[in-house]
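Dear colleague,

I am passing on to you the structure we spoke about, with its sequence, and below it I have set down what was found. Please look it over before reading on.

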Amino acid sequence: MWSLIGIPVLVGGLLWKRDPILVVAAAAFATGLGGGLDPLAVLSALGKAFNDARYVSIAFLVLPVVGLAERAGLQARSRELVGRLKALTVGRLLIAYLAIRQLSAAVGMLSLGGQASMVRPLIAPMAESVLALRAGEGDEARRQEVRAQAAAADTVGAFFGEDIFVALGAVLLVQGVLEANGLHTRPATIALWAAPTGLAAFIIHAVRLLRLDARLGRGRPAAAGDAE
Amino acid sequence: MIRIEAAYEVAGVVFAAAAASAALSRQTPRRPAAVFFGLIAVSFLVGDRLGDLGNGVLVLALVLVGAFGGLRGAAAVFRTPAWAVGDQRLGNWIFLPILLIPAVTLAGTFAFGAIRVGGAPLVDPKQATVVALALGAVVALIAAMILIRPPLAAPATEGRRLLEGVGSAAILPQLLAALGAVFTVSGVGRAMQILIGAAIPLDNPFLVVAAFCAGMALFTTVLGNAFAAFPVLVAALGAPVIVHRLGGNPALMGAVGMLSGYCGTLVTPMASFNIIPAALLDLPIGAVIRVQIPTAALVLVFNIALMCAVGFAR
């Protein structure tokens, strides 16, 4: 039971607003020591797992290109481009991206989108410029919310699309865990039962994005009043 | 055969270039950033040769430099570089490098499967996508250098600029994955299983389903990873109670259980899916989580309703 000590360390450290990497390292040591490992064994387990998990950080290798393109005017050009599409709103732009992201994830192309390669260079700046064009510059809080919505569209699309594709890690992990518990299933059946939730997630998030549009539009007079 | 290590080498070079750029910068003292990025480069380039304890020491060093080196906030001193001032000649060609990344990733994922050298596939089929992504980044960088013609050091400078913006959060997702592994070897799953088994009335399908789905979301919120929570909840409730005791559909239980875990991922500050965008888009992590809470809550309710409605075929 003492191995559970890492969880209060984790939650407490985050609530106490210490640096997250320090909190996570402390939680790992507390858990390992609580579970009866000696300090060097914990350090080794941590090192091995960190090395095995390098694929998690692989997305950073696109940043030099993203940075170069940004400096050469990528965001200004995105702004011009979305300015020409008169019917575009923040919500419609993000619904379109959500649909593309979820469909491509559902056919196994999970690495087509992503926060580093699509949201930061293209989707977030486009969403911000649409906000500026349709609802006025707005305050920093509103721009932050629009950037956060761009990130959310990417994550929601990826999460609730990937489980519909048979050969991705998530479905195979589900099958493996069920198998380990003596339950025999086929990956295709698991993927099939992920589809209703995938559809529901798309509808729920798309409706929320349409409501965001309504809210951003309504907020215009107030924003003008704030700026007096 | 080309394996994922090829992609690690590309990532190692990116971090090494950022470290060199930070070390040589004259604007402000950037030694902690140079050490931090340098250590990540070492991990990517020679991590397999360090041994478990060596990697552990590397993690410890990264955590200390990352937490106490004052890494974040340096990005603000950047000004628009001379080569980029008033650069309008590219027009829409500026999108080409960025769009090349997904295009090459996609083409590579399919093409690598067909290319065989001496009977063996050229690229490890399991890791074709990641290798294709690395190739896409390299092709895109070459295209950007030809189109934009910045100074040769510009990719290193720009990579460092964005990485400095991310700061010590750059290693957090990987560290959380490592924490999950420590949880496993320390027996956290079994301990949690005992606690849950003691807390839930097991004959009411609605309560059990609600506890299973909400438990997946809650455990994922705490652990930061649905893949870590899933085996615990299936062993504690999914297999013994939902399937064996109440006659539930195992494939539906597995699929919907995992997707309930994703609802937890959407709202946890412990997951890379929220940490990385917050860092890249210059947002507090709470801002990303806040806009995802309603979707997560509604999908979780849908999941519980779906499993109650069709999960127990009689």
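This is a predicted model: local features need pLDDT of at least 70, side-chain atom pairs count only at pLDDT 80 or more; totals for chains, interfaces and linings use all residues.

To begin with chain B, its secondary structure comes to 13 helices and two strands, and its C-alpha trace spans about 70 × 50 × 45 Å along the principal axes. Of the 314 residues in this chain, 53% count as buried, and where contacts in chain B join residues at least 6 apart in sequence, 75% of them are between residues at least 24 apart.

The two chains also touch each other, in a contact to which chain B gives 108 residues and chain A gives 94 residues. On the side of chain B that touches chain A, the most is given by helix H7 of chain B (residues 172-186), with 13 residues, and that side has, by class, 82 nonpolar, 21 polar and five charged residues.

Within chain A, helix H4 (residues 63-71) packs with helix H7 (residues 115-135) at an angle of about 15°, and their axes are 10 Å apart. Because angles under 35 degrees count as roughly parallel, H4(A) and H7(A) are described as roughly parallel to each other, and H4(A) passes H7(A) in a right-handed crossing. In this pair, Leu63(A), Val66(A), Ala69(A) and Glu70(A) of H4(A) meet Ala116(A), Arg120(A) and Pro121(A) of H7(A), so that by class the contact has five nonpolar, no polar and two charged residues.

With kind regards

Conventions. Residues are numbered from 1 along each chain as its sequence is written. Chains are lettered from A and ligands numbered from 1 in the order in which they are written. Axes are lines fitted to C-alpha atoms, for helices over the stretch in contact, and angles run from 0 to 180 degrees between N-to-C directions. Helices (H or I, at least four residues) and strands (E, at least two) are DSSP runs, numbered from the N terminus. Angles under 35 degrees count as roughly parallel, over 145 as roughly antiparallel, 65 to 115 as roughly perpendicular and the rest as oblique. A crossing is left-handed if the near helix is turned anticlockwise from the far one by less than a right angle, and right-handed if clockwise. Two residues are in contact if their C-beta atoms, placed from the backbone, lie within 7 Å. A residue is buried if 20 or more other C-beta atoms lie within 10 Å of its own, exposed if 12 or fewer, and partly exposed in between; C-beta atoms are placed from the backbone.
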